[in-house]
Each structure stands twice: as C-alpha cells, then as structure tokens.
Amino acid sequence: MMTSTDKIRAAMNKAEGAVQAVGGVALLIAEHVPGAADIIAADLENADMSLGAAYKVLEDYARKHAKRYCFACPVAGVDPENEVIRCIADFYKVPLDGTAAEPETQTLGGESDAPEAAVDELDLLSLL
C-alpha cells in the first residue's frame, strides 16, 4: 500500500522542470510537518490542487514580488518564514505550526469534499 509520502513522491517523479521542484518542496514539507503528507496527498487527487497548480500559484507570487525583474528564494529546510515554503504550504492549507487536523481534499474555491461531521444529538421526538 502506498503511503501519503509515496503518493507525493510519485506525483513529483511524473512532473517535469520547475513543477518537479515544487514537488520537492511539497515532499520536504510533508516529511517535516506532522499531518502534512496526508493533506497534500489527498489534495493531489484533485486536478485543481496538482503540483502544476501549486507551481502556477508560486510563479504568480514570484512575479508579483520580484524586485528588478528577479525573484530568488533558496529553500534550505522547512522554515515557516521562507516565502517558497509558506506559499506551497498555504496552497495546500498545511499549517506550518504543526497543528494539522484531519486531511480533507480541498478545492481552489475553499470548498471541501470531506463529509460534514456527524452531529451527536438525540432528537427525543424521533423516539415517539
């Protein structure tokens, strides 16, 4: 059975160029932030949350924040202050403070494919 980290690695290996590098960042986050691997792996099943889509978000961020037509930000470890790490983590809704909850598949619109939590209430009228 494939683990969540294996799924991320497989998606990264299928990617090419800069998209593969974004996969490397996603894998780095998955390996160092508790619960992140499950969140990212679940999202990768949604085409809107692919590594290519994450790359597009990072590319847009870089263009917006470029100085003198250049944006460079080396990635060495999972530093929450690093713009690349933060951008990819934000895209996949991975909290960098380690407070990851249950994984849920996300869409770009912020909607969730996860089922609503069951309500533990007893309706006394249903017993009649």
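This note covers the nonpolar core and the salt bridges of the structure above.

1. Basis. This is a predicted model; local features need pLDDT of at least 70, side-chain atom pairs count only at pLDDT 80 or more, and totals for chains, interfaces and linings use all residues. Residues are numbered from 1 along each chain as its sequence is written, and side-chain values use heavy atoms, with hydrogens and water left out.

2. Core. The largest nonpolar core has 29 residues. Such a core is a set of buried Ala, Val, Leu, Ile, Met, Phe, Trp, Tyr and Cys residues joined through side-chain atoms within 4.5 Å. Buried means under 20% relative accessible area, exposed over 50%, partly exposed in between (1.4 Å probe, protein chains only). I8, I29, I40, I88, Y92 and V94 touch the most other members. Two or more residues come from each of α1 (4-14), α2 (17-32), α3 (36-44), α4 (51-65) and α5 (83-91). Helix α2 gives the largest share, seven residues. Helices are DSSP runs (H or I, at least four residues), numbered from the N terminus.

3. Salt bridges. The count is five, with a side-chain nitrogen of Lys or Arg within 4 Å of a carboxyl oxygen of Asp or Glu.

4. K7 and E45. Their side chains meet at 4.0 Å, N to O. K7 is in helix α1, E45 in the loop between α3 and α4, 38 residues apart. The C-alpha atoms are 9.5 Å apart. K7 is partly exposed at 35%; E45 is exposed at 62%.

5. R9 and E31. This salt bridge is 3.1 Å, N to O. R9 lies in helix α1 and E31 in helix α2, so the pair ties together parts 22 residues apart in sequence. D6, R9 and E31 form a network of salt bridges.
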